[in-house]
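Thanks, everyone, for making the time this morning. I would like to go through the ligand site with you, and then a few points in the backbone.

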Amino acid sequence: MEHRQASLLWENQNLNRTRMSQLLANVFRSDDSIPEQFKISQAIEQREYLIDGELRTWTGNLNPVLSPVFIKDGNDFTQKVIGSTPLLTAKESLAALDAAVKAYDLGHGTWPTLSVTERIDYVEKFLTAMRTQRAEVVKLLMWEIGKTQQDSEREFDRTCDYIVDTIKAYKELDRNSAKLIEEQGFMAQIRRVPIGVALCMGPYNYPLNETFTTLIPALIMGNTVVFKPAKYGVLLIRPLIEAFRDSFPAGVINIIYGRGRETVGALMESGKIDVFAFIGTNKGANDLKKLHPKSHRLKAILGLDAKNPAIVLPDADIDIAVSECIMGSLSFNGQRCTALKILFVHKSVVEVFLKKFNDEVKKLKPGMPWEPGVSLTPLPEPGKVEFLHDLVEDAKLCGATVVNEHGGEFLHTFFYPAVLYPVNHTMKIYTEEQFGPVVPIVPFENDEEAIQYVLNSNYGQQVSIFGTDSKRVAKLMDAFVNQVGRINLNAQSQRGPDTFPFNGRKDSAEGTLSIADALRVFSIRTLVATKSTERNKQIISNIIRNRESAFLSTDYIF
Ligand code: G3H
């Protein structure tokens with residue numbers, strides 16, 4: 001409710017912005033225009049959370065889940081409350097941790113000692129159950145974070161594919177370790193084994209996919225997990241909670257809800273978390289890591305902030321550059337960590353680029369997530385519209401103009417994309433991550449200006465270069481290889497394909513994720529080694545032939 005009041009206050013202060021009504025007045029729709037299959041007729045009151053294989057019922061305070069979607073009734077707009085989730089305390093979150101610690105049992109629990117085949121069977125069972133919940137999860141993705149139907153379906157399907165590919169990669173990893181190696185008079189077998197108890201936390205923009213890209217690898221490698229859903233995009237985990245309970249042994253996966261500082265803070269302070277998988281801000285990650293009393297025992301896998309630039313060279317194919325920059329900067333309203341967040345466009349082509357870019361922005365359809373063809377939707381973060389508006393106003397004060405029609409107009413949670421030009425280093429938008437539909441365009445003359453931007457940035461995730469002159473492109477590529485994790489040529493920045501390494505430098509990430517890399521980061525190599533004497537060979541041979549060890553074995557699965 002607080003949020004709604006803030007929005008109304010904001011709107012009242014800006015009544016002179018009525019020109020927005022022409023474009024935006026109809027962006028929010030009446031209740032009866034919502035297709036039946038997407039309606040949430042009754043708020044979902046979630047009281048269940050999962051600890052030690054048991055769905056417990058919370059009788060304490062609940063956190064209301066506000067949709068970014070407002071319902072229009074004549075001239076009134078009401079923010080839709082779609083449900084509520086448990087506001088657990090440190091007590092429940094520590095109970096979840098205890099269950100995970102017990103299930104891991106110092107590495108002697110059932111889960112960390114199961115065979116590869118057995119753990120795969122559990123994950124496959126979960127996947128089958130998860131698939132049955134597609135429609136419900138997709139619907140909640142739309143309502144909770146305003147993701148379009150198409151993108152929500154894509155997120156769900158991509159996550160299922162990710163699980164399938166993870167199983168495939170795990171089998172391959174197992175096959176590759178099923179042999180003994182001989183080296184300098186030693187014989188050894190090296191295998192990957194779990195690390196311990198993992199805490200997995202995902203982001204609100206990919207609350208299902210990005211969370212599962214750490215959660216599933218953590219589980220399949222034999223770790224036990226405490227999982228706390230993202231800040232927004234919480235209810236959509238509810239349809240999967242029974243699948244988690246029924247698919248895995250007790251304590252292997254525990255799901256908690258509530259405020260981060262109360263729940264997750266207590267987990268970190270306990271010193272019992274061994275792996276911390278977090279997608280969010282570098283500040284959030286830092287604050288939490290610092291709470292761990294033995295930071296050397298904490299392995300962190302972090303996906304953090306980014307300010308990926310695109311560099312459009314004079315010889316670039318402008319149509320390709322424009323279409324990739326549109327997708328790169330505005331898909332899911334720019335709320336992707338990989339989004340293009342600043343565009344450096346060479347002065348010689350900036351005019352034509354701006355014209356074509358603005359023409360394409362105009363084609364993006366604003367509306368509600370379930371409307372066919374829609375791409376611009378309301379934003380889930382409270383205060384986001386105000387934050388973006390401030391960035392735009394600051395840039396205007398420092399000499400930029402909003403160069404697209406309706407740019408920066410807003411209504412409640414909806415913010416129409418603002419294309420800012422010309423942007424320079426004096427503006428906040430030059431360095432601050434907007435994570436929303438504001439597109440700053442910097443004209444440049446000398447490639448060195450773009451190079452220096454990347455070198456001096458606090459972030460180091462990706463960069464996109466648009467050009468056709470191989471010599472010039474190669475020079476830029478070489479300038480960036482030690483700065484960012486991925487250099488895209490004539491393509492937007494992105495994470496996929498999921499088999500590619502996904503990482504970043506500086507404040508952008510810690511560790512590398514991909515289907516295969518995730519299996520590595522949630523495990524450690526352990527080996528059994530012996531001198532290659534006849535006697536030792538005989539012992540090893542007996543162990544293998546008689547299947548006396550689960551670790552030392554040449555069995556593998558197809
Ligand atoms: O928010 C960050 C995501 O990992 C981006 O993934 O590039 O596939 O949209 P994407």
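Let me begin with a term: a polar contact is a pair of N or O atoms within 3.5 Å, and within protein one of them must be able to donate a hydrogen and the other to accept it, while residues adjacent in sequence count only if both atoms are side-chain atoms. What you see is a predicted model, in which local features need pLDDT of at least 70 and side-chain atom pairs count only at pLDDT 80 or more, whereas totals for chains, interfaces and linings use all residues. Residues are numbered from 1 along each chain as its sequence is written, and side-chain values use heavy atoms, with hydrogens and water left out.

Now to the ligand. One of its oxygen atoms is 2.4 Å from an N or O atom in the side chain of Glu210. A ligand oxygen also lies 2.7 Å from a polar backbone atom of Cys337, and for the side chain of Thr338 the distance from a ligand oxygen to an N or O atom is 2.7 Å. Of the 300 Å² of accessible area that the ligand has on its own, the protein covers 95%, with areas taken from the Shrake-Rupley method and a 1.4 Å probe.

Which residues surround the ligand? They are Arg158, Asn205, Tyr206, Glu210, Arg336, Cys337, Thr338, Gln494, Arg495 and Phe502, where near means that a heavy atom of the residue lies within 4 Å.

Turning to the backbone, most residues other than glycine have a negative phi, and most peptide bonds are trans. The bond from Tyr421 to Pro422, however, is cis, with omega near -10°, and Pro422 sits in the loop between β20 (418-421) and α15 (428-431); here helices (H or I, at least four residues) and strands (E, at least two) are DSSP runs, numbered from the N terminus. Gly496 and Pro497 are likewise joined by a cis peptide bond, with omega about -10°. Finally, Asp52 has a positive phi, near 55°, and is placed in the loop between β2 (48-51) and β3 (54-57).
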